Amino acid sequence: MSHIFNYSGVEYYNNERSICLNPKETGLFFPPGHHVDICYFPHKRARITAPVVTIQERFCRRKQASIDVLPDECLIEIFRWLPGGKERSACACVSKRWLMLLSSIQRDELCSGQPFESYCVRRSSKMISTDEDPEFDSDGLLSRSLEGKRATDVRLAAIAVGTRSHGGLGKLTIRGRSCSHGVTNLGLRAIARCCSSLRVLSLWNVFSIGDEGLLEIANGCHRLEKLDLCKCPSVTDKALLAIAKNCPNLTHLAIDSCPNVGNEGLKAVGQLCPNLKSISIKDCPFVGDQGIASVLSSATHALTKLKLQALNISDLSLAVVGHYGKAVIDLALDSLGNVTEKGFWVMGIANGLQKLKTLTIRSCVGVADRGLVAVGNGCPNLKVFSLCKCTFLSDGGLVSFAKAVPSLEILQLEECHRITQIGYFGLLSSCGAKLRALAIKNCFSIRDIDVRVTLPDCFASLQSLSIQNCPGFGNVNLALSAKLCPQLQYVDLSRLDKITDAGFRPLIEGCKAGLVKVILGGCINMTDEVVLAVTKLHGATLKTLNLDGCRKVTDVGLESIAENCLVINDLDISKCAITDFGISSLACLKKLNLRILSLSGCSMVSDKSLPYLVKLGRTLMGLNLQHCNAISRSIVDMLMERLWRCDILC
C-alpha cells in the first residue's frame, strides 16, 4: 500500500516508458477513439485509423490570419508613418478594412517630423518623405462623380485616398437613387478628412447623408466654394450653420427639396459668408420671408444671382429683393403662389434692381399689367425677359413693359393665354431697336385675323423669331411678320398647322440678311415648293434645316437641298416622303459637308441606300435611322462597322 501512495511516476516519464510494463495492456485504461493523445512510444502500430492531432496542430488551426492580427489603433499608427501617397495607396488596395482606416486619417495626423525622415534616409535614399509628398501641395485639380449603384462609402473612401496624392480632389458630385442607401455619413467623412482641397460639392438624392456628414465637410474642407443640396431630407439648419462658420469662401449655395432647412440656416449663411454670389432655394417649406430677408440684407453688395421657387413667401420678400438686390444680375421667380401684384409693384418701384439683366417669372399668379410695368420701369438695363404661365397679363401690359425697357434684347412668352395677335404685333412695332430674339410658345389666344398695324419708320432689328404650337397663328400673321422683320436669320415655326406655302413664301422673300436656321417641324402643309424657295434664295447661308413631319416633302426637295445648300451641316428629313433616290442625290455632290442627318420614320428608305449612306458618312457625326423599317438589321450593323466615327441611332 505504501508503494501505491508514494508512487509519483516521475522515473517512468523521465525514462520515456509506459505506465504498463506490457504495452498491449494499455487498452484496459484507454479505449480506442477518434482523439488519441497518449504520451508513450508504442513498440507496435496502433490498431486505430483516426489521425493523430497534436497540440501544436490545434494551435495552428486556431491561429488568426496575419492581416487581421493587429488592432485598428496599431494599423493607424503604422499608416501615419508611411513615407508618401504611393505607399498609402498601395496599402489601401490590401483590404476594405485598411482602405477605411487610411481614409480616416487626417492630414495633420500624418507624421512628417525629423525622426521619421532620418529613418527614411537610413533605409533608402530614394524613399519620399512627407514634406516632399505632393498631397501637401494639392490644388484641387481633380473631379469625380458617382451615380446610382456606384455611389457607396467604399468608393468614396477610395476616391479620398487616391486623389490625396494626385493633385487633390476639387469637385465631387454624388447622385444617388431613391431606393439606394449606399452613401452615408461615413463616406462623406472620408472625403472631409482626406480632401481638404474640395471646392465644389453636389449631393443629389442621398437620403442617408445628414448633419454629421456635412459637419465633417465643414471641419475639413475650409476651401469649399459651391454647395448643392438636392433632396437631402436629413440635412437641417445645423449643417448650414457649420458650413457658414467654417467655409467663409462659400460663393454658391443651392438648396432643393430639403424639408428640414429653414430660416436659421439661411440667416447664418447670409451673416457669415460675405462672398456669397449665387443662391437658389426651391421647395423648402420652412423657408419664409425672414430667411430671404436675412440673406439679401447681409449679402447686398456681393449677391449677383437669385432664384426663389416654390416657397411660402409673401410680398415682403419681393420688396426686400427690390430694395437690397443692388448687385443682382440674374433673378428667377418661380411658383410663388402667395405673392400678389402688389409685391411685383413694390419690387419695381424700389429701384434697387438697376443692374438686373436677366429676369425669369414663371407660374406666378400675381403677375399683372400694373406690377409688370413697374418692374420694367425699375429695371432699365434688363436684356433678357422670360414670362411663363402668367394668365393675368394682357396685351396692353406686355406692350407697355416692352416700351419701358428699351434695352431688351430677348423676350420669351409661354402659356400666356391672354396675349393675342394685338400684343404680338404691338411688340414688333413698338419694341426697342435692340430686340434680337422673340419666342412665343403655347399661346392659344393668338388668332390669324387681319389686324391693321401701322408700320414704324424703323423696322424691328429682330434676328430670331420662334412661334411654336400656337394653333391660331396662320398665313396672315406670318406675312405681316415678314414686313416687320426683314433682318431675320433664325426662324422656328414648329407645329403650326395653318402655315402653308403661300404664307411662308413672303417671309422667305422678305429676309434680306440670309436665313441661317429654318425649323418647320410639324408643319404638315409644307411642300417641295417651300424647300425649293428656301434653298434657292438662302442656300449660300443656310446651315440648319428641319423638315420633321413634313410628309409632302419628297425627293424633289432633297435634290434642291443637295444642289444649292453648300454649307448645310444639320438636316432633319424625318417622316418625309424620301426614297433611296433622294439619298443618292444627296450623296452625289462632293461639296456637301453634312454633320448630322436624321432619317427617322422614312419608311421608303431601304437597304439600297447603303452605299450612299457610307459615302455621306465620311463627314457625318450623327445619323438617326430609328423607325426606318425598310432597312434591315444587317445593313445597320454594316453601317456601324464602317462609320465607326458616327453616332448611329437605330
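A salt bridge here is a side-chain nitrogen of Lys or Arg within 4 Å of a carboxyl oxygen of Asp or Glu. By that rule, Arg 505, Glu 509 and Glu 529 are linked in a network of salt bridges, and the structure holds eight salt bridges. Do keep in mind that this is a predicted model, where local features need pLDDT of at least 70, side-chain atom pairs count only at pLDDT 80 or more, and totals for chains, interfaces and linings use all residues. Residues are numbered from 1 along each chain as its sequence is written, and side-chain values use heavy atoms, with hydrogens and water left out.

**Within one helix**

- Arg 505 and Glu 509 form a salt bridge at 3.3 Å, N to O.
- The two residues sit four apart in helix α20 (residues 501–510), so about one helical turn separates them (helices, H or I, at least four residues, and strands, E, at least two, are DSSP runs numbered from the N terminus).
- Arg 505 is partly exposed at 29% relative accessible area (buried means under 20%, exposed over 50%, partly exposed in between, with a 1.4 Å probe and protein chains only).
- Glu 509 is partly exposed too, at 44%.

- Glu 216 pairs with Arg 193 in a salt bridge, their closest N and O atoms 3.8 Å apart.
- Arg 193 is partly exposed, with a relative accessible area of 21%.
- Arg 199 and Glu 225 meet in a salt bridge of 3.9 Å, N to O.
- Arg 199 is partly exposed at 25%, and Glu 225 is partly exposed at 30%.
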